[in-house]
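Hi,

Here is the structure I promised to pass on. Please have a look, and then read on for what turned up in it.

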Amino acid sequence: MVAREALSARLDGEREPVPSARVDEHLRDCPECTSWYDRAGVQALQLRDLANTGLIGAVSGRPNRGTGAVSRLWQRLSPHLLTIAIVVVGVAQVGLAIAQAAGINFGMVAAHHGSASGAHLLNESTAWSAALGIATIAMAFRRRIAPGLACVLVIYCGFLAYYVVSDALAGQVTPVRVLSHVPVALAAVVSMWASRTKRPHDPSPRAHGEDDESPTRRHLRAADDPAA
């Protein structure tokens, strides 16, 4: 028993409880301990190989830190994707208005409407684009206006689609002008999306000092009070 304890300590790299020479002498005279020592040595090597394999797997997993960073970034941005999309669409619409104000007509041909009327229509389009862009950006932070804005934009896009198709068949609209309507179509989509979702961390009515019991409900309760 003492010999096997000494051999176990030897395999573990620890100090043997008896002199090593006496343990070696015992191994030469004891086949059972020799066989046990051989089996224990094989098992120790197998355990070391398993430990090294696990270490290699841990080291090889380090490059996944980049993937983990991307995943964490996505988790932070995903609740705000709609807000980001709304702001991008609004900025695009404002940019369209600024470009038209600078003189870019995006394919609006004055010959179809006359010089004066064509300029006026461009100014009207610029005003509409600016108002729409600002309202869309405001919707990103005030979701309460989303249903109203969605109603206006969906109806507008319905009529716009009809006139775009009819004018395209008549050859009175250019492809560039058709593409300039993409921001308003995207604004209609995101406004409908926003009207069905709540903004992250949107305060509840109680956060604004509103109580579940409105003045009307309190008045009704007071009317039912026998003391009233």
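Contact here means heavy atoms within 4.5 Å. This is a predicted model, in which local features need pLDDT of at least 70 and side-chain atom pairs pLDDT 80 or more, while totals for chains, interfaces and linings use all residues. Residues are numbered from 1 along each chain as written, and side-chain values use heavy atoms, without hydrogens and water.

Helices are DSSP runs (H or I, at least four residues), numbered from the N terminus. H7 (residues 146–169) packs on H9 (residues 182–195) at about 145 degrees, with axes 8 Å apart; axes are lines fitted to C-alpha atoms over the stretch in contact, and angles run from 0 to 180 degrees between N-to-C directions. Among the residues that meet are Leu153 and Tyr156 in H7, and Val184 and Met192 in H9. This contact has 15 nonpolar residues, two polar and no charged (Ala, Val, Leu, Ile, Met, Phe, Trp, Tyr, Cys and Pro count as nonpolar, Asp, Glu, Lys and Arg as charged, the others as polar).

There is one salt bridge (a side-chain nitrogen of Lys or Arg within 4 Å of a carboxyl oxygen of Asp or Glu). It joins arginine 10 and aspartate 24 at 3.0 Å, N to O, and links helix H1 (residues 2–11) to helix H2 (residues 20–29), the two residues being 14 apart in the chain.

Best wishes
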